[in-house]
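Visitor: Hi, I have just opened this one and would like a tour. Could you show it to me?

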Amino acid sequence: MAFTDAAAELVATLADEGVQHLFINPGTDTAPVQEALAAARASGTPSPRAVLCTHEFVALSSAMGHYFVTGTPQAVMVHVDAGTLNLGGAWHNAQRNRLPVVVFAGRSPYTTASDIPGHRDAPIHWQQEQLDQQAIARAFGKWFMEVPRGRELGPIVRRAYQVAQSDPRGPAYVMLPREALMEAGGDGLARRLKPPLRAAPDPAGLTDIARALAGARRPVIITSRTGDRPGAVASLVEIAELLGAPVLDQRDRVSFPSRHPLYAGDAAELLTTADVVLLLDSEVPWIPALAAPPAEATILQIDIDPAKATMPLWTYPVDLALTADTSVALPLLAGELRRLASPASEASWSKRREQVAGQLAQIRQGWDTFAGSDDPAAAPHAMMQALNKVLPPRAIVLEEAVTARSALIRQIDREPGSFYDTGSPALGWAIGGAMGVKLARPDAPVFAVCGDGSFGFGVPTASFWSAHRAGAPFIAVILNNHSYRASRLPVGRLYPGGAGEQEGSFPEADLSPAPDYVGLATAYGGGGRVVSDNAELADAVEYCLALEADGRCAVLDIRVPPA
Ligand SMILES: Cc1ncc(C[n+]2csc(CCOP(=O)(O)OP(=O)(O)O)c2C)c(N)n1
Ligand SMILES: [Mg+2]
């Protein structure tokens with residue numbers, strides 16, 4: 001079938017690539033795509049659903065949330081240089097989370113010739129043109145291209161999705177001049193360029209890893225994102241159980257069940273006595289200044305991107321690294337370990353299992369005790385414990401609680417595929433991400449648990465409006481300590497007893513007086529509750545869930561001490 005123009009081919013190609021939503025903020029250059037979307041809707045031909053996001057940061061954050069729960073390729077469309085710039089820190093989050101997204105951006109029309117469709121027809125077409133628009137994206141994307149002619153659009157878009165979805169995955173950026181969009185496209189859909197299948201580990205290396213683990217005396221497993229593919233978690237559980245190894249789950253995803261006796265959460269102190277450490281899908285395995293394995297420990301790694309070349313100083317001392325998708329490698333590793341097991345080794349592994357489970361039970365008991373204490377720093381733990389009790393089974397939790405992150409890791413108990421954290425620096429993702437999750441999982445209540453600072457970075461006006469409009473409401477749980485606590489603590493750490501501590505005032509990190517967050521949600525069709533006592537939490541959650549069920553966003557403004 002021939003397309004009316006390249007823009008129509010773009011819309012059809014996106015649908016054919018499995019893109020379900022086009023998170024869009026339009027400009028004067030997206031007109032051909034808007035026309036093509038309208039035509040597809042009118043004729044009933046397959047097209048992604050356009051989701052209008054009133055800030056670009058929300059669009060890309062939302063695409064990431066959608067990807068987390070579906071694993072499907074994503075599309076975002078923004079306006080020229082201005083829209084590309086507004087993607088802001090979401091670029092970084094997308095890069096660090098290996099988001100297979102193609103960001104399409106307008107590009108000022110080239111021609112002033114009025115007989116060429118799409119030609120320049122407004123002053124802004126001069127002003128918005130940059131010497132190098134791609135440069136904005138270059139630090140964070142993995143592939144960049146401009147569509148020079150309508151005929152080339154199909155193969156370029158296919159190529160963009162192939163590269164974005166090839167491991168290690170990541171964002172691609174495609175610029176679309178109006179003239180090209182309005183030219184004729186190809187004669188039919190360009191041929192799909194399929195990404196490679198999941199990478200399997202080197203067989204000899206896998207045997208070496210199995211032997212090192214089988215012979216270990218105090219093995220420790222570290223993971224963070226193995227739960228990206230929830231199916232991999234069962235194999236990780238089997239390996240941990242076979243070896244009797246504690247699993248530190250840094251929880252960018254749920255990679256190990258929190259009720260399992262070998263779950264060690266973020267208790268990094270366990271590393272200091274390890275003789276063999278297995279790193280699985282962890283971006284920052286440990287912080288040397290806080291707790292690290294002994295220098296003589298053997299460090300093993302299985303990761304889709306073991307060298308992490310995009311992090312300049314990733315200097316962890318890895319003895320043996322395998323490039324592999326852990327969802328392929330872990331079942332194989334479990335098989336190798338079963339083959340290596342002898343009655344003697346099984347007896348010692350199972351003895352260790354009992355010991356380690358006992359040690360971890362004590363550690364976790366400490367988490368509970370802390371949550372119940374009078375320590376002001378315990379307030380988020382107590383609140384998260386209370387929230388955990390009333391979370392509906394289907395709920396999906398997004399984490400952006402910064403200094404209260406540990407409270408979520410320790411107190412919130414979720415299945416694989418129902419807890420996400422970007423593990424990356426640009427705050428503000430959670431509330432935009434929540435819309436994307438909700439679009440993918442309409443039956444799941446989505447809780448974005450964030451700090452008051454993080455909430456503000458998420459462009460709440462745009463997040464609430466866009467989610468309400470798209471029928472994808474979420475519940476923003478704000479751990480409201482009236483501060484950028486994370487930006488205040490280092491002053492005391494680096495300058496103990498210094499002027500900052502003596503003065504006791506940190507105006508640059510103080511967020512009081514707190515705004516009316518519930519009022520803000522109300523302005524965008526939602527509502528919410530303020531809570532300052534754990535005892536009020538269950539009722540407040542019920543109230544917010546009722547709003548959410550009614551298609552409205554909710555804020556649960558939890559007042560906690562600045563600590
Ligand atoms: C986009 C962005 N801007 C600034 C920062 C620097 N930063 C890191 S943590 C933080 C404070 C976060 O405050 P909040 O979400 O309230 O959490 P709290 O520190 O109070 O636990 C800031 C400003 C950042 N990470 N991302
Ligand atoms: Mg705060």
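This is a predicted model: local features need pLDDT of at least 70, side-chain atom pairs count only at pLDDT 80 or more; totals for chains, interfaces and linings use all residues.

Visitor: Thanks! How many helices and strands does the chain have?

Guide: There are 22 helices and 18 strands. These are DSSP runs numbered from the N terminus: H or I of at least four residues for helices, E of at least two for strands.

Visitor: And how does the radius of gyration fit a compact globule?

Guide: It agrees, because a compact globule of 563 residues would have a radius of gyration near 24 Å and the chain has 25 Å. That radius is taken over C-alpha atoms, and the globule rule is 2.2 Å times the number of residues to the power 0.38. Along the principal axes, the C-alpha atoms fill a box of roughly 80 × 60 × 45 Å.

Visitor: What percentage of the residues is buried?

Guide: Buried residues make up 57% of the 563. Buried means under 20% relative accessible area, exposed over 50%, and partly exposed in between, using a 1.4 Å probe and protein chains only.

Visitor: Now the metal. Which protein donors does the magnesium ion have?

Guide: For the magnesium ion (ligand 2) they are Asp452 (OD), Asn481 (OD1) and Ser483 (O), at 2.0 to 2.1 Å from it. Donors are N, O and S atoms within 2.8 Å of the metal (3.2 Å for Na, K and Ca); water is not among the atoms, so sites may look incomplete.

Visitor: Where do Asp452 and Asn481 sit in the chain?

Guide: Asp452 is in helix α17, while Asn481 is in the loop between β16 (475–480) and α19 (485–494), so this pair, 29 residues apart, links distant parts of the chain. Both of them are buried.

Visitor: What about ligand 1? Which residues come nearest?

Guide: Of the 17 residues around ligand 1, the nearest are Thr403, Pro425, Asp452, Ser454 and Ala486. A residue counts as near if one of its heavy atoms lies within 4 Å. The largest share of this shell, 4 residues, comes from α17. By type, the shell divides into 8 nonpolar, 7 polar and 2 charged residues. Here Ala, Val, Leu, Ile, Met, Phe, Trp, Tyr, Cys and Pro count as nonpolar, Asp, Glu, Lys and Arg as charged, and the others, Gly among them, as polar.

Visitor: How far is the polar side-chain atom of Asp452 from an oxygen atom of ligand 1?

Guide: The distance is 2.6 Å. For Ser454, a polar side-chain atom lies 2.7 Å from a ligand 1 oxygen.

Visitor: Last topic: where are the cis peptide bonds?

Guide: One runs from Asp167 to Pro168, with omega near -15°, and Pro168 is in the loop between α8 (153–164) and β6 (172–177). Another joins Ser512 and Pro513, with omega about 0°.

Visitor: And what is the phi of Asp281?

Guide: Phi of Asp281 is near 50°, a positive value in a residue other than glycine. Asp281 is in the loop between β10 (276–280) and β11 (298–303).

Definitions and conventions: Residues are numbered from 1 along each chain as its sequence is written. Chains are lettered from A and ligands numbered from 1 in the order in which they are written. Side-chain values use heavy atoms; hydrogens and water are left out. A polar contact is a pair of N or O atoms within 3.5 Å; within protein, one must be able to donate a hydrogen and the other to accept it, and residues adjacent in sequence count only if both atoms are side-chain atoms.
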